[in-house]
Amino acid sequence: MDDVQVSDVDAPRPTMALVFIVSESRAGILAPALAALRKMPRFRRAPIAVVHDPGTDVSKAVSRHEAAAVESASNLSRDHNDAACDWLVSSGALYGTVATLPRPDKLDEWSRRLWQEVKRLDQLSLTSPMPLLLWTDHGTKLSVARYVHRMLAEHDVTRGSLLADFLGRLALSAATPWLEAVDPGDGDIEILGFLSVAFFPEMPEPPWRYRLALTGPSGDVARSGPVPLTPRVGNRGDAQWAGLRTRIPLLGAGNGHRRFVVELDTEVPELRLRRNLRPRVGALISARTVGTHAEVVDASGQARTTTVRYLLHTVGDGAAAFLTTQVGSGLRARLRWAGMLLKKDAGFIGRGSAGRRMRWLRFLRLVTRPFFAGREIWLVGERKDTAQDNGVHLFRHLRESNRRRRAYYVIDRSSPQYDRVAPYGHVVAHSSWKHQLLLLHATVLANAYSIAYLVPDGWDVKDYTRHIVWRVGALRVYLKHGVHLSPNAVKRGMTGYDVCLTVMPRETEALRAASGYDRQLVEAGMPRYDALVPTSASRTVLFMPTWRNYLATTVLKGSQDGDVPYEGSTYQRFMSGLLESRRLHEMLERYDYRLTFVPHYNMASRFVGAPVAGERIEIADTDAVSFQELIGGCDAFVTDYSSVHFDVAYLGTPIVYARFDEEEFESKHSSPTWFDYDRDGFGPVVRTLDDTLDAVESLLERDCRPDPVYTARIDAAFPRRDRQNCARTVAAIEERIPERPL
């Protein structure tokens with residue numbers, strides 16, 4: 001923004017309305033803040049409103065300083081901002097602002113910035129049916145979202161008008177612009193990003209446009225065309241006008257380091273605004289040297305192929321994304337690129353901003369690189385203490401199909417499951433020196449849960465992401481641990497995978513629509529499916545529920561207890577009711593079956609020594625027996641929402657869905673899903689304990705024979721049941737392994 005100096009004497013004085021959102025914690029500074037404002041000539045007679053929580057008394061302060069008190073409908077931010085926007089619109093002012101209350105000693109600076117915006121807009125012949133909302137550093141995104149929504153919904157704002165460009169500038173001012181991914185093209189790159197503005201899902205389509213650019217000290221070297229905001233699916237499944245997707249040419253960008261920016265596409269100088277694109281963690285953890293080929297025409301008119309290299313990175317606090325580019329082919333160009341990388345290594349090792357450990361690791365990688373030249377290192381894992389999911393099954397396949405492949409499984413040496421994987425060889429103790437060295441030279445990182453589980457203890461994950469990941473450039477593979485029932489929770493900008501496995505077409509379509517992933521999705525099935533082999537009848541019913549993130553649990557390291565106490569919860573009452581049910585035990589005896597209960601990993605501590613109705617009911621120890629053995633050996637399966645039911649359906653085993661806390665689960669734990677249990681499920685859906693027992697008894701009465709209706713659904717859901725899931729996964733990884741730079 002231009003540094004416009006405005007004094008109290010010569011400041012323009014259009015009608016200005018001020019709305020302050022005051023929380024209970026800041027009510028104490030309201031009176032002195034209002035007193036300071038009323039002493040400023042520009043605000044002496046300005047209409048002022050104070051939006052406050054229900055029950056917070058601000059009457060004395062507002063009456064003394066001629067302000068209006070507006071009680072919010074609740075303590076929620078959305079209600080605060082709705083009330084603020086409604087009052088501002090009703091004020092009839094020419095200009096207005098909505099802000100959290102600044103401290104009295106910050107009001108002068110806040111006021112100057114506000115009037116800089118006024119002076120800027122006064123140069124335009126801009127008319128508006130509503131007060132023009134001015135953004136300051138104390139503004140709120142939700143007030144901008146409500147204001148823009150109301151303007152577009154209630155008034156005709158045409159593309160290219162001053163009002164449309166004003167709204168586009170306002171949105172960009174309030175937003176946090178994010179870069180989620182960069183994909184290579186033929187001489188260009190595809191940019192995936194979004195503006196975090198909190199727009200409402202029902203808002204009409206925005207009539208303004210943005211441009212993305214690469215800029216350096218001498219100005220822009222590459223720019224996109226006009227980019228509209230596109231619908232982007234949020235974690236709750238709502239589509240907001242927030243997405244930015246476009247292409248930027250690199251052939252003319254030359255060599256150098258440039259910054260990503262987004263700017264309003266306007267011809268009006270007073271409305272121009274550009275902001276840095278901040279890299280999301282998913283963009284950084286998938287960063288590496290990328291080389292693409294493009295056709296160019298030389299001075300003689302001859303077409304030839306050249307190479308365009310680029311590297312995404314960030315500096316400092318990560319407030320901007322940078323791209324290092326090089327255009328040129330041949331050994332000389334490759335040597336220049338390699339020299340640039342070595343220069344980065346030397347600079348970081350000598351005076352890098354990270355801690356001593358990261359600088360040492362970069363040095364270690366540099367001096368040991370010759371010993372790993374030409375070697376493909378695959379690191380495979382799951383949680384640091386487990387070996388029972390897609391990770392171990394892929395690793396088994398890698399070791400059995402090609403013993404010469406340098407594939408290693410990473411697991412804590414003290415894990416009770418260590419011995420399960422040790423016979424395959426190439427097992428590496430988590431956080432050992434060997435593990436750390438292999439990670440510095442890895443070609444492929446594959447995990448069933450998160451690549452973060454492959455990061456050694458003691459490594460700062462944030463520093464590793466910024467200072468090691470791009471230098472190693474390993475392919476990141478998400479083997480996953482179940483079918484994605486809630487694709488809205490999977491975002492490319494947060495996960496940054498190069499390969500993401502899927503099982504079935506509808507799952508793939510749902511992820512493509514919501515996650516930001518496209519070419520990275522590989523419908524290969526899950527490696528653990530290869531071990532699913534039907535066995536003879538075992539007279540066993542398997543009960544395997546999932547967890548609840550809102551219950552107090554011993555989940556993952558660093559997590560907090562949930563909001564709802566476990567004892568007395570709907571979840572606890574159902575689990576205890578089933579495990580201690582005399583009726584269940586009696587029917588198991590009557591039909592000569594057993595029930596094996598497998599608690600979710602995150603809930604297992606709650607069931608240590610839990611009481612059961614009798615010897616026919618047991619709680620499984622998954623350290624002693626694998627999930628695949630349990631699944632393959634059961635005659636019937638009961639769950640609430642666990643995605644393991646897809647594994648069971650893959651085998652054709654009868655299923656019962658006990659959705660005993662459906663409304664609570666869907667509102668507090670899960671996000672919207674493409675899978676409708678009543679319409680798509682592979683067994684009956686029940687919602688009470690008694691109905692669950694009825695459904696189980698119905699299965700036992702017919703000796704757990706499959707129902708033809710559900711068998712038909714299973715056949716339609718799984719396009720391939722051929723035990724070639726591991727082979728397809730390996731082929732997809734090998735196809736995508738990036739070429740190593742010199």
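The structure is a predicted model, in which local features need pLDDT of at least 70, side-chain atom pairs count only at pLDDT 80 or more, and totals for chains, interfaces and linings use all residues. Residues are numbered from 1 along each chain as its sequence is written, and side-chain values use heavy atoms, with hydrogens and water left out.

Helices (DSSP runs of H or I, at least four residues) and strands (DSSP runs of E, at least two residues) are numbered from the N terminus. An open sheet of six strands was found, with parallel pairing and the order β27-β26-β25-β28-β29-β30. Two strands are taken to pair if DSSP finds at least two bridges between them. The edges of the sheet are formed by β27 (617-619) and β30 (685-686); each has a single partner strand, so one side of each is left without a neighbour in the sheet. Strand β25 (residues 540-543) runs parallel to strand β26 (residues 594-597), and four bridges join the two. Within this pairing, Phe543 has Phe597 in β26 as its bridge partner.

Side chains of opposite charge can pair when their charged atoms come close. A salt bridge was counted where a side-chain nitrogen of Lys or Arg lies within 4 Å of a carboxyl oxygen of Asp or Glu. By this rule, the count is 48 salt bridges. Burial was assigned from relative accessible area (buried under 20%, exposed over 50%, partly exposed in between; 1.4 Å probe, protein chains only).

One of the salt bridges is formed by Arg146 and Asp82, whose closest N and O atoms are 2.8 Å apart. Arg146 belongs to helix α5 (residues 141-154) and Asp82 to helix α3 (residues 77-90), so the pair ties together parts that are 64 residues apart in sequence. Both Arg146 and Asp82 are buried. A salt bridge also joins Glu180 and Arg232, with 3.0 Å between the closest N and O atoms. This pair links distant parts of the chain, as Glu180 is in strand β6 (residues 176-184) and Arg232 is in strand β10 (residues 230-233), 52 residues apart. Glu180 and Arg232 are both buried.

Glu400 and Arg396 form a salt bridge through their side chains, at 3.2 Å from N to O. Glu400 is exposed, its relative accessible area being 53%, whereas Arg396 is buried at 18%. Elsewhere, a network of salt bridges links Arg659, Glu662, Glu666, Asp678 and Arg687.

No disulfides, defined as pairs of cysteine sulfur atoms within 2.5 Å, are present in the structure. For Cys634, the closest cysteine sulfur is that of Cys704, at 8.8 Å, which is too far for a bond. Cys634 counts as buried, with 6% relative accessibility. Cys726 is likewise in no disulfide, and the nearest cysteine sulfur, in Cys500, is 16 Å away. With 0% relative accessibility, Cys726 also counts as buried.

Arg113 is partly exposed, with a relative accessible area of 37%. The C-alpha atom of Arg113 is separated by 9.0 Å from that of Trp135, and the two residues are 22 residues apart along the chain.
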